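Hi,

Here is the structure I promised to pass on. Have a look at it first, and then read on for what turned up.

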Amino acid sequence: REAFLRLNPCCLTLLMFPLVDPVAKEHADHGQIVLGYHGNRAHIEAMADTVTPAIEELGRRRPVRLVCITNAAKHGLPAHGLPDPAVVEVEHVQFEPGESGAVAPSFAAALGRADIGLVPNLLPVHEHRRALELTASDDPWLAYEPFDWLVRFKASSNPGRLYPFARLGVPVVADFTPSLAQFVDDGVTGCLAATAEGWLDALDRLAASAELRAALAHGL
């Protein structure tokens, strides 16, 4: 909507949601925590500096499996961004389209096994410190700091990857982009994060408590 307001103030936003039948999922404490992801390989590769280190650290604290649903048959597996298989078990599931806008039963079954859903959306900013310096103003009143935020995400980012988790009763941790923050009230309907430390904090709290996972899934 923001991208098109410069052309026309009458913008109608159509949210693109895959059709998923609702499932009443029961969360319980068990040995292995299953993390779920669905989407394209680009967002997995973009997880390398934030989400992936958090997943690996979580894997050092408890048994973790990552279920990735992508169209690997068409686009191949991610070149990087996946956690170290020595620390986190990774399971790849081929995406299969459903009929008439609905997801395939295999998609819902695989994603529904997740205890926590991952919804990354940020894109990497190379030479982050250098980029901060180049985009800073000389005005001292702005009080720029080296730890200020500089984020990049797709203008076309949408909450479509979040919606299936909501329908399947799976709580989510999501990057703090606007389209996701419209749905995720941090700590109430899910968790928002941006750094490796933020992702680890959210994942660790959810992994430790079936009660919290159930509450945030219900909120979403």
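To start you off: where is the place of T70? T70 sits in strand β2. Strands here are DSSP runs of E with at least two residues, while helices are runs of H or I with at least four, and both are numbered from the N terminus.

Before going further, a word on what you're looking at. This is a predicted model, so to speak of local features we need pLDDT of at least 70, side-chain atom pairs count only at pLDDT 80 or more, and totals for chains, interfaces and linings use all residues. Residues are numbered from 1 along each chain as its sequence is written, and side-chain values use heavy atoms, with hydrogens and water left out.

Back to T70. At 5% relative accessibility, T70 counts as buried; the cut-offs are under 20% relative accessible area for buried, over 50% for exposed, and partly exposed in between, with a 1.4 Å probe and protein chains only. Leaving aside neighbours within four places in sequence, T70 is in contact with Y37, G39, I44, V93, Q94 and F95 (contact means heavy atoms within 4.5 Å).

Now the helices. In α4 (residues 105–112), the buried residues are F107, A110 and L111. They cover an arc of only 95 degrees around the axis, so they lie on the same side of α4 (the arc is that of the directions from the helix axis to the C-beta atoms). What do they pack against? The partners are β1, β2 (64–70), β3 (89–94) and α6 (163–167).

Helix α9 (residues 210–219) has A210, R213, L216 and A217 as its buried residues. Their arc is only 135 degrees around the axis, which puts them on the same side of α9. E211 and H218, on the other side of α9, are exposed. The buried residues of α9 pack against β1 (33–38), β4 (116–119), β8 (191–193) and α8 (196–208).

How do α8 and α9 pack? Their angle is about 110 degrees and their axes are 5 Å apart. Axes are lines fitted to C-alpha atoms, for helices over the stretch in contact, and angles run from 0 to 180 degrees between N-to-C directions. That makes α8 roughly perpendicular to α9; the classes are under 35 degrees for roughly parallel, over 145 for roughly antiparallel, 65 to 115 for roughly perpendicular, and oblique for the rest. R205, L206, A207 and A208 in α8 meet A210, L212, R213 and L216 in α9.

α8 also packs with α2 (residues 51–61), at an angle of about 40 degrees and with the axes 8 Å apart. These two helices are therefore oblique to each other. On the α2 side, V51, P53, A54, I55, E57, L58 and R61 take part, meeting A196, W199, L200, L203, D204 and A207 in α8.

G59 is in helix α2 too. G59 is buried, with a relative accessible area of 15%, and, neighbours within four places in sequence aside, is in contact with V64, V87 and V88.

Most residues other than glycine have a negative phi. E127, though, has a positive phi near 50 degrees; E127 is in the loop between β5 (122–123) and α5 (128–135) and is exposed, at 62% relative accessible area. A143, also not a glycine, has a positive phi of about 50 degrees. The loop between α5 and β6 (152–153) holds A143, which counts as partly exposed at 48% relative accessibility.

Cheers
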